[in-house]
Amino acid sequence: MSSELSPPYAPFFGAIGAASAIVFSSLGAAYGTAKSGTGIAAMAVMRPELIMKSIIPVVMAGIIAIYGLVVAALIANDIKSGYTLFKAFLHLGAGLSVGLSGLAAGFAIGVVGDSGVRGTAQQPRLFVGMILILIFAEVLGLYGLIVALILSTKSVN
């Protein structure tokens, strides 16, 4: 392989893609966990029997970080000798895709989780609606994962 197809700085872009995947998705998961956690703490004062039911937004926020971890591991595992600029830019796009969509999904889960568990404490029939909205928020991160997997497994052909 010629050096113009595989420049020495190509792994930098792949590494930034891997870092973006885990950093941004973890930021989203952390925000979702923290924001939902404050709602759970406030709700637990009024209705302590609903604490376990209210953990769902925190679990869903944690899944967002797993999406980023999977993509970061795939990217990092693919960086080796002969790493082309084409593959590096695909990996950068994959990392940004899952990372930024995970960040957005984590923000959505945090806001919905906080309001949802507080509302469920006052009106238990709100629980099903909260779960549906959380699913739609989680799917935003899943879309980023799908695009990232397509990008990261694309071959040069």
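Leu96 is found in helix α3. Helices here are DSSP runs of H or I of at least four residues, while strands are runs of E of at least two, and both are numbered from the N terminus. The model is predicted, so local features need pLDDT of at least 70 and side-chain atom pairs count only at pLDDT 80 or more, whereas totals for chains, interfaces and linings use all residues. Residues are numbered from 1 along each chain as its sequence is written, and side-chain values use heavy atoms, with hydrogens and water left out.

Leu96 is partly exposed, with a relative accessible area of 32%. The term covers the range between buried (under 20% relative accessible area) and exposed (over 50%), computed with a 1.4 Å probe on protein chains only. Leaving aside residues up to four places away in sequence, Leu96 touches Ser20, Phe24 and Ser101. Contact here means heavy atoms within 4.5 Å. Met43 is 53 residues from Leu96 along the chain, and the C-alpha atoms of the two are separated by 35 Å.

The next topic is how the helices lie against each other. Axes are lines fitted to C-alpha atoms, for helices over the stretch in contact, and angles run from 0 to 180 degrees between N-to-C directions. Angles under 35 degrees count as roughly parallel, over 145 as roughly antiparallel, 65 to 115 as roughly perpendicular, and the rest as oblique.

α1 and α3 pack with their axes 7 Å apart, at an angle of about 5°. That makes α1 roughly parallel to α3. The residues of this contact divide into 24 nonpolar, 16 polar and 3 charged. In this sorting, Ala, Val, Leu, Ile, Met, Phe, Trp, Tyr, Cys and Pro count as nonpolar, Asp, Glu, Lys and Arg as charged, and the others, Gly among them, as polar.

The axes of α1 and α2 come within 8 Å and cross at roughly 175°. The two helices are therefore roughly antiparallel to each other. Their contact residues comprise 15 nonpolar, 9 polar and no charged.

Helix α2 (residues 56-78) also meets helix α4 (residues 126-152): the axes come within 10 Å and cross at roughly 0°. That makes α2 roughly parallel to α4. On the α2 side the contact residues include Ile56, Pro57, Met60 and Asp78, and on the α4 side they include Phe127, Ile131, Glu138 and Ser152. The contact divides into 17 nonpolar, 2 polar and 2 charged residues.

Phe136 is also placed in helix α4. This residue is exposed, with a relative accessible area of 62%. Phe136 and Ala108 are 28 residues apart in sequence, and their C-alpha atoms are 9.2 Å apart in space.

A pair of aromatic rings is described by the distance of the centres and the angle of the planes. Rings of Phe, Tyr and Trp (its six-membered ring) pair if their centres lie within 6.5 Å; planes under 30 degrees apart count as stacked, over 60 as edge-to-face and the rest as tilted. By this rule the count comes to 4 aromatic pairs. One of them is tilted: Phe13 and Phe89, at 4.9 Å centre to centre with 55° between the planes. Phe13 lies in helix α1 (residues 10-46) and Phe89 in helix α3 (residues 85-122), so the pair ties together parts that are 76 residues apart in sequence. Phe13 is partly exposed at 22% relative accessible area, and Phe89 is partly exposed at 42%.

Tyr31 and Phe107 form a stacked pair, 4.3 Å centre to centre and 20° between the planes. Tyr31 lies in α1 and Phe107 in α3, so this pair too ties together parts that are 76 residues apart in sequence. Tyr31 is partly exposed at 30% relative accessibility, and Phe107 is partly exposed at 41%. Ring pairs also link Tyr9, Phe12, Phe13 and Phe89 into a cluster.

Finally, the record. An unreviewed UniProt entry places the feature "transmembrane region" at residues 12-34, 55-76, 88-113 and 125-151. UniProt positions are given in the numbering used here, feature names are shortened, and annotations may be inferred rather than shown by experiment. In the model, residues 88-113 are 100% helix and 0% strand, with end C-alpha atoms 36 Å apart. Residues 125-151 are 96% helix and 0% strand, with end C-alpha atoms 41 Å apart.
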